[in-house]
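Biologist: Hi! Could you walk me through this one? I'm new here.

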Amino acid sequence: MNARTPVDLQTSLKMDEDSNQSSNPSFDAVLSARLSRRGLLRGSVGTVGTAMLGGVALTACGGGDDAVITPVTPTETLLGFDAVAKSLADVVVVPPGYSTSVLYALGDPLTATTPAYKNDGTDTDFENRAGDHHDGMEWFGLDTAGKPSLTSTDRGLLAMNHEATTDETRSSFFLHADGGTTTLPRPASEVDKETAIHGISVVEVKSTSGKWATVPASAFNFRLTSLSENIQLTGPARGNSLMVTKYSNDGTKTRGTLNNCGTGKTPWGTFLTGEENWAGYFTRSATDDTTRGGATAKSVVALKRYGRNAGSGSRHGWESAGTADKYARWDISQGTGAATDDYRNEINTFGYIVEIDAYDKTKTARKRTALGRFAHESAAFGKPVVGQPLAVYMGDDSRGEYIYKFVSTKTWVAADANPTDRITTGDTYLDAGKLYAAKFNSDGTGNWIELSFTNTLIANFATYDFADQADVLVNARLAADAVGATKMDRPEWCSTNVANGEIYFTLTNNSNRAVNSATMPPDSANPRVYADIKNGTSTQNGNPNGHVLRVKEGTVGNAATGFSWDVYVFGAESSAAPGTVNLSSLTDDQDFSSPDGLVFSPATGIMWIQTDDGAYTDVSNCMMVAALPGTVGDGAKKTLTYAATAGTLTVDTYVGKAPGADNLKRFLVGPKACEITGLCETPDGKAMFINVQHPGETTAQADIADATKYTSQWPSNAGYGAGKRPRSATIVITKNDGGRIGS
């Protein structure tokens, strides 16, 4: 969560959970890493590659009808902007010829009667305000009559995640006048604010004479928080005994959505949000293992696999605010009675892809259990093809976790691109299908392994006795352990290349990757282990800078069980060793660390990579780079060799062509101590919306009364809003000549 600690300790409790202790090879180690007596050998570097994107007709992953990448005109060159230099300034930096403005920040009103945000810790009514830690985001167009539109470029809805909140010890200190309470019990007045700023918001935005603004009085505006009532559980786990709680005796519903990170947009026009690091919000008593039957009891094994050991404290101490049910739900200790008497199973109702109709706040949100339960980031659809099933790609953002794919039972019907009821259309595609985990082989191929109760590896798994398919999905991590899926370097966002349908995954970093590790040595898909020096003294080990991996499905497309893969680009400092670290030959205008957000523009085909970094922040604030990627297999095999306890460890990997100056450029650098995340555009690609999350998060809670000690004062120092406390916010970027972003 906190960027003041190295590499992995970033926003969203990303290091609060680190529970994959399975003996799975970290990428078919027997094949991909060979021990020998050979001397140290360093890999070489690939060459330049590019993608031809103009004039390709495509199916829009987020729309449903045919979207077209507009051909580059003679006066337009994609990535024709001047690369932005790295920056440590407390401002948003974009290339010459571009403008930014702040659009929607923490606390901004969503109703006409909600007072303006004072930003001094005295504000209330956060159910009717923008939440905190703006993250993934999608655009939903509106025509002049307020009806859904795939072509509107000046009016629409932004559906947005509010992932978490800035805290040092329990308290969301910028939210409270005096910084809040760090000891237990927490005051109910503080907890009520903090539960309300989590979740999602939908806000109408409109451009008038080229000036974008929110519409606070819009009837479309709404919030879902961590306490919103009657969120439906759908799919195979609905009604299962694992979902039974005091709130839902039949296991069919829950309250709220939590720690929402990446997003997705369905082909039928709804919003998908991923629940990421939800486990850290719950507490267990020190005696809970014993109450549940000891260390080998099924529920104990499952809880530990998801990072909740007996005695685990919660992130904010929300359970301590009183005896009311809304506080009690955060304590998942088992009582002496039935599951209907307590919240022992409450944690099982979080960790899903949640579907929401952004256009209609009267529709009940759905948690899609068929897509599995883990630390979800985004959800990317493969290309919808009439008569073929749909595929949804997902990553589990923790060290050593897995990449997943869901394939729908129902095949795609063209008419469903414009249904009369969007959310029930989602029922037909997302509640029945097959869930797979990825296994990457050392020869550049891979396999999708079905997570099915009928799979003998799962049915006979010694670590955990699965009861049925619902159990497999609720405990998808354990099922992926059972089938030997590949441990990855924190799979975060994924996105589908609109030009060719290949799927890209950001692998942010992994401090646990180590040459002599018994459980996580380097492997073909996660090949680097090295020391990175920060501030001249601090050594960061493992894979501190991360990489972007891409997958090409087999010939049958979405339903394929085999694929090929390579690494599109490795994050690295430009000065790092070219044969072992900077394998993509990054220059000073391109280098980056810890890729996180990842979005392909439907309008231009540009791939935008956003960073959530702690390794390179002594040199630059977090950033966004623009890329024109090629295709899987356009590079070459490289071999890395490491000195190991028993001789040497050699690892073959597959590296895409080095991007080169014309195909990868830094476009934006954010203010101090922020993460750059979330991206969507108007359909013409001429207005881009970006989120700046938790600026100033390295501020000490003890300094709350002294604004001069804040790490950041953005966006107030950019002329937006009252007070000097930093705020997460959405910005809009436009090109001064009216052109497309990235040209």
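**Salt bridges and a sheet**

Modeller: Let's start with R513 and D489, whose side chains meet in a salt bridge at 2.6 Å, N to O. A salt bridge here is a side-chain nitrogen of Lys or Arg within 4 Å of a carboxyl oxygen of Asp or Glu. This is a predicted model, where local features need pLDDT of at least 70, side-chain atom pairs count only at pLDDT 80 or more, and totals for chains, interfaces and linings use all residues. Residues are numbered from 1 along each chain as its sequence is written, and side-chain values use heavy atoms, leaving out hydrogens and water.

Biologist: Are R513 and D489 buried or exposed?

Modeller: Both R513 and D489 are buried. Buried means under 20% relative accessible area, exposed over 50% and partly exposed in between (1.4 Å probe, protein chains only).

Biologist: And how many salt bridges does the structure hold?

Modeller: It holds 41 salt bridges. One of them joins D396 and R477 at 2.8 Å, N to O. D396 lies in strand β18 and R477 in helix α9, so the pair ties together parts 81 residues apart in sequence. Helices (H or I, at least four residues) and strands (E, at least two) are DSSP runs, numbered from the N terminus.

Biologist: New topic: what's the strand order in the open sheet?

Modeller: The six strands run β12-β11-β16-β15-β14-β13, with mixed pairing. Two strands pair if DSSP finds at least two bridges between them.

Biologist: Which strands stand at the edges?

Modeller: β12 and β13 do, each with a single partner strand, so one side of each has no neighbour in the sheet. β12 pairs with β11 in the antiparallel sense over two bridges.
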